[in-house]
Amino acid sequence: MIDVFICEDQKEQREKIARYVSNYIMIENLDMQLVLTTANPEEILGYINESNRSGLYFLDIDLKHQMNGITLGAEIRKIDPIGDIVFITTHTELTFLNFIYKVAAMDYIIKDDVDSLQSKIVSCLNVTNERKQVTNKTPNKKFVQRIPDKIIIVNYDDIMFFESSP
């Protein structure tokens with residue numbers, strides 16, 4: 001199950017995006033659920049810290065909050081490194097921040113283009129769903145080792161043997 005999140009400060013926009021997402025999930029019977037729609041980025045960070053599940057995040061850049069969408073995306077990336085982040089905004093001039101903060105966004109949707117807004121949201125839902133299906137077909141068991149300053153993750157298929165040393 002993929003959790004879908006929406007962080008948008010304008011209520012009308014948030015409700016429109018949520019309607020597009022929930023209707024498409026229901027019509028196509030996707031293994032997704034719209035978990036949280038909010039104007040507060042702290043709510044999303046709190047939820048994903050507790051849930052420990054990967055998600056699809058639709059984020060506005062200008063959130064009228066001390067944290068903007070780009071910094072929220074960077075924080076999400078730290079918690080959910082394989083999640084998909086999509087920016088929905090009117091600020092085309094801020095696309096470069098995606099690279100500065102190394103967010104690695106899946107898409108950058110312009111709100112002003114109302115004709116393509118729904119189709120681009122649907123496209124992002126489809127891509128995330130397809131990626132999940134591909135990763136579920138290949139069961140990659142991973143060896144996880146936590147050390148004080150980092151986490152090491154290695155596929156068991158890539159491990160030849162373990163050896164102890166002094």
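Visitor: Where is valine 144 placed?

Guide: This is a predicted model. Valine 144 sits in strand S6, residues 142-147.

Visitor: Is valine 144 buried, partly exposed or exposed?

Guide: Buried means under 20% relative accessible area, and exposed means over 50%. Valine 144 has 43% relative accessibility, so it counts as partly exposed.

Visitor: Which residues make the nonpolar surface patch?

Guide: Val144, Ile151 and Ile153 make it. The patch covers about 280 Å².

Visitor: Now helix H2. Which of its residues are buried?

Guide: H2 spans residues 41-51. Its buried residues are Pro41, Ile44, Leu45 and Ile48. Viewed down the axis of H2, they fall within an arc of 95 degrees, so they line one face of the helix.

Visitor: What covers the buried residues of H2?

Guide: The cover includes three strands: S1 (2-7), S2 (32-38) and S3 (55-59). Helix H3 (69-79) is also included.

Visitor: What is found at the start of H2, and what follows the helix?

Guide: At the start, asparagine 40 places a side-chain oxygen within 2.9 Å of the backbone nitrogen of glutamate 42. After H2 comes asparagine 52, with a positive phi near 60 degrees.

Visitor: Last, asparagine 126. In which helix is it found?

Guide: Asparagine 126 belongs to helix H5, residues 114-137. Its relative accessibility is 24%, so asparagine 126 counts as partly exposed.

Visitor: What separates the C-alpha atoms of asparagine 126 and arginine 77?

Guide: Along the chain, these two are 49 residues apart.

Key
Residues are numbered from 1 along each chain as its sequence is written. This is a predicted model: local features need pLDDT of at least 70, side-chain atom pairs count only at pLDDT 80 or more; totals for chains, interfaces and linings use all residues. Side-chain values use heavy atoms; hydrogens and water are left out. Patches are made of residues with over 30% relative accessible area and no salt bridge: like charges are joined within 9 Å, nonpolar side chains (Val, Leu, Ile, Met, Phe, Trp, Tyr) within 5 Å. Accessible areas come from the Shrake-Rupley method with a 1.4 Å probe; for residues, only the protein chains shown count as cover. A salt bridge is a side-chain nitrogen of Lys or Arg within 4 Å of a carboxyl oxygen of Asp or Glu. Helices (H or I, at least four residues) and strands (E, at least two) are DSSP runs, numbered from the N terminus. Buried means under 20% relative accessible area, exposed over 50%, partly exposed in between (1.4 Å probe, protein chains only). The arc is that of the directions from the helix axis to the C-beta atoms. Contact means heavy atoms within 4.5 Å. A polar contact is a pair of N or O atoms within 3.5 Å; within protein, one must be able to donate a hydrogen and the other to accept it, and residues adjacent in sequence count only if both atoms are side-chain atoms.
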